[in-house]
Amino acid sequence: MVLGWATDRLPRSTAILDIGCGSGVPIAKGLVDVGFSVWGVDASPSLISAYRINLPDMPAVCKPAQDSSFFDRTFVGVISIGLIFLLGEGDQQKLLTSVANVLEPGGRFLFSAPREVCRWNDTLTGRASMSLGADAYAAHLTSVGLRLDGCRSDEGGNNYYEAVKPI
C-alpha cells in the first residue's frame, strides 16, 4: 500500500518524512530501495537505533512526533502508518497541523487510522488507542489547509487516509 502510494504519486528521489518510522523495515527500506530518501522520526530509542542500522545513510531523530520540528525542512511526501491513533486527540490534531506546515504545496500525506470513532488497546503495542473518525480527520485536515483525497482499506482491514496540500 505505502510503496505503491509513493511510486504512483511522488517523483523518485523525493525526500519522504516517515513519522513513527520504527526500525525502518519494511516501509522506509522499501521506499529507499526504489529511490526515495526517507527521513525518520520515532520516540523509541531502540527503534531509532535499529533504523540507523537498517538505513545508515538516512536521517533519523528520536523524538515524540507531536513535538518534533521534522528536521526544520519541508517534504513532498509524509507518511505515518500505525502511529496517529496511539496519540490522544489533542496530540493527533497537533501532529496533523505540524504535517500541514512541513508539507510542500502539491505534497501528499498518507496516514492510517480507523474510519469510525472508536477506542481500543492496540494489539501490537498494548497502548490505549483512539480514532477520531473520518469526519473529524477530514475537518481537521481542511482546517489546516490540506484536502482529504481519499480513504482506502487494505485486505487486512486497515484504513489509509490520503491528503494533499493544494498548490
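Modeller: Before we start, helices here are DSSP runs of H or I with at least four residues and strands are E runs of at least two, numbered from the N terminus. It's a predicted model, so local features need pLDDT of at least 70 and side-chain atom pairs 80 or more, while totals for chains, interfaces and linings use all residues. Residues count from 1 along each chain as its sequence is written, and side-chain values use heavy atoms, without hydrogens and water.

Colleague: Okay, how many helices and strands does the protein chain have?

Modeller: From the N terminus, the elements go α-β-α-β-α-β-β-α-β-β-β-α-β-β. Counted up, that's 5 helices and 9 strands.

Colleague: What radius of gyration does the protein chain have?

Modeller: It's taken over C-alpha atoms, and the globule rule is 2.2 Å times the number of residues to the power 0.38. For 167 residues a compact globule would come out near 15 Å, and the chain agrees, with 15 Å.

Colleague: Is phenylalanine 75 buried or exposed?

Modeller: Phenylalanine 75 sits in strand β4, residues 75–80. Buried means under 20% relative accessible area, exposed over 50%, partly exposed in between, with a 1.4 Å probe and protein chains only. At a relative accessible area of 0%, phenylalanine 75 is buried.
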